[in-house]
Amino acid sequence: MLRAFPRVLMMDCTYKTNRYKFPLLQIVGVTCTELTFNVAFAFIECEKEENYTWVLEKLKGMMDADAFPVVIVTDRELALMNAIRSVFPHATNLLCRFHISKNVLAKCRKMFDDKTWEEFSCSWGLVVLSASLTQYEERLRALKRDFQMFPAALDYVEKNWLIPYKERLCKASPVHVGKQEHQIMEGTFTTSNQELVCCAPILRFGGGVLVWVGGRETTGVGREKNGEKGEGNGGWRFGWS
């Protein structure tokens, strides 16, 4: 599947959902019919740029040289974003609007009553869903005008999201992936994580990392150390620190 549909990848790291308490990075691909499929899983020791870089380099090594991802969607995990910039420098790294909406909800909901929050949330959504730069600017002006009595909320969305990441999150970007795709991805992750936990008795870690990629396996400890490659549908392989 990855060979057929390498152009759009989504990456998300989940915490403390397995018996070893390791961060679990899942990489998901998107088909031409907007269905998702699992590409890779990686248990990593910690969420540092070097750990993410190791996983992405292993993934890159299994892809055809002329078929690297064009778009990679993540949340605002800076270490992962830096690793993507290093390993896939020509890919566009977009931000997941679903995760951003959850952050805006967590930070801003308490500033509004129910009715005003619904209005603010709707206006914010229209800004993000702007189809052109002109429409984006018009809707942003309307957001600031209609909610000028809530400067803290406006300051949060502008300084934390719009100023640094406008091109990565707004629909006006040349390519975007929306909320529905990410809900599908998170559902896929939940199922896959449960399956991996079921395999827990055979997963032994001494600071190592296990990666499974679409029927092919690679292993190591995050820095190419003691890594080895496997092909086909054989058993799990391990790397040790």
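Guide: Start with arginine 3 and aspartate 64. Their side chains form a salt bridge, and the closest N and O atoms are 2.7 Å apart. The term has a cut-off: a side-chain nitrogen of Lys or Arg must lie within 4 Å of a carboxyl oxygen of Asp or Glu. Side chains of opposite charge can pair when their charged atoms come close.

A word on the source. This is a predicted model, in which local features need pLDDT of at least 70 and side-chain atom pairs count only at pLDDT 80 or more, while totals for chains, interfaces and linings use all residues. Residues are numbered from 1 along each chain as its sequence is written, and side-chain values use heavy atoms, with hydrogens and water left out.

Now place the two partners. Arginine 3 sits in the segment before strand S1 (8-14), and aspartate 64 sits in the loop between helix H1 (49-61) and strand S4 (71-74), so the pair ties together parts that are 61 residues apart in sequence. Helices (H or I, at least four residues) and strands (E, at least two) are DSSP runs, numbered from the N terminus. Arginine 3 is exposed, at 54% relative accessibility. Aspartate 64 is partly exposed, at 32%. Here buried means under 20% relative accessible area, exposed means over 50%, and partly exposed is in between (1.4 Å probe, protein chains only).

By this rule the count comes to six salt bridges. Another one joins aspartate 114 and arginine 109, with the closest N and O atoms 2.2 Å apart. Aspartate 114 is exposed at 52%. Arginine 109 is partly exposed at 25%. A further bridge links aspartate 155 and lysine 159, at 3.2 Å from N to O. These two residues are four apart in helix H6 (residues 151-169), so about one helical turn separates aspartate 155 from lysine 159. Aspartate 155 is partly exposed at 34%, whereas lysine 159 is exposed at 55%.

Next, a loop. Threonine 31 lies between strand S2 (24-30) and strand S3 (36-43). Threonine 31 is buried, with a relative accessible area of 11%. Leaving aside neighbours within four places in sequence, threonine 31 is in contact with Met1, Phe5 and Phe37. Contact means heavy atoms within 4.5 Å. Glutamate 34 is also in the loop between S2 and S3. Glutamate 34 has a positive phi of about 65°, although it is not a glycine. Glutamate 34 is partly exposed, at 49%.

H4 contributes Phe120, Ser123, Trp124, Leu126 and Val127 to the contact, and H5 contributes Tyr136, Arg139, Leu140 and Leu143.

Finally, step back. The protein chain has seven helices and eight strands. Of its 241 residues, 47% count as buried.
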